[in-house]
Amino acid sequence: MRLLVVEDEERLARALKRGLEAEGFVVDLSADGIEGLEAARYGDYAAVVLDIMLPRLSGYRIVATLRAEANWVPVLMLSAKDGEYDQADGLDAGADDYLTKPFSFVVLLARLRALLRRGAPERPAVLAVGDLTLDPASRQVRRGDVEVALTTREYALLEYLIRHPGDACSKIAILDHVWEAGADTDPNVVEVYVGYLRRKIDTPFGRRSVQTVRGLGYRLADDRAG
């Protein structure tokens, strides 16, 4: 799952990136308000962690602009401003949650997971394709009534595919969302992990839901009818 952290305190931003990546997220950083807005507009993020006091454009303006454009990506605001009116301003601007600095990483992680569980308005709490389900809150994957244990990378790959059911996802798009965007990673690693995923969610159940789209990439489909 890909997150955007817009934070101009470099040490804090790097610490958040390390902590969130250790939890299995793919994290992009931005230290500038205008750049952060552009990334949030076009980056296809599951959620945005957004500071308020930023160069060139405040967090208030960023979230208000996104909501005016009908962009409902979940936003968790971070700020050293802890007054009740400051928090009200952030929520009124369109943020989904507000956390004051200094904060506990455990609490931030719990709040992020709560946002991801709710997701944007159109996203269900539990993602499903056929009888394959993935719960972003508990990070639990099931094929019917059987729980399937996945590694962090396998889980991230499945989550990306299940959030785009039936769509042909290219290797490059998968790399950008499941591995670090812009990293020098061989696209063939996607094929390797697709193989790992198939051996866990398909082969033991006699299924073929992770499908190869020749010349394009991969898609996740409900194969029960076939």
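Select helices H1 and H5 to see a crossing that is right-handed, the term used when the near helix is turned clockwise from the far one by less than a right angle. Helix H1 covers residues 10-22 and helix H5 residues 105-118; helices are DSSP runs of H or I with at least four residues, numbered from the N terminus. The model is predicted, so local features need pLDDT of at least 70 and side-chain atom pairs pLDDT 80 or more, while totals for chains, interfaces and linings use all residues. Residues are numbered from 1 along each chain as its sequence is written, and side-chain values use heavy atoms, without hydrogens and water.

The axes of H1 and H5, lines fitted to C-alpha atoms over the stretch in contact, lie 12 Å apart at an angle of about 60°. Next, display Leu16, Gly19 and Leu20 of H1 with Phe105, Leu108, Leu109 and Leu112 of H5, which make the contact (heavy atoms within 4.5 Å).

Move to helix H3, residues 59-68, where Gly59, Tyr60, Ile62, Val63, Leu66 and Arg67 are buried (under 20% relative accessible area; exposed is over 50%, partly exposed in between, with a 1.4 Å probe and protein chains only). These residues lie on the same side of H3, because they cover an arc of only 165° around the axis, taken from the directions from the helix axis to the C-beta atoms. Arg61 and Ala68, on the other side of H3, are exposed. Just after H3, select alanine 70, which takes a positive phi of about 60°.

Notes. Helices (H or I, at least four residues) and strands (E, at least two) are DSSP runs, numbered from the N terminus. Axes are lines fitted to C-alpha atoms, for helices over the stretch in contact, and angles run from 0 to 180 degrees between N-to-C directions.
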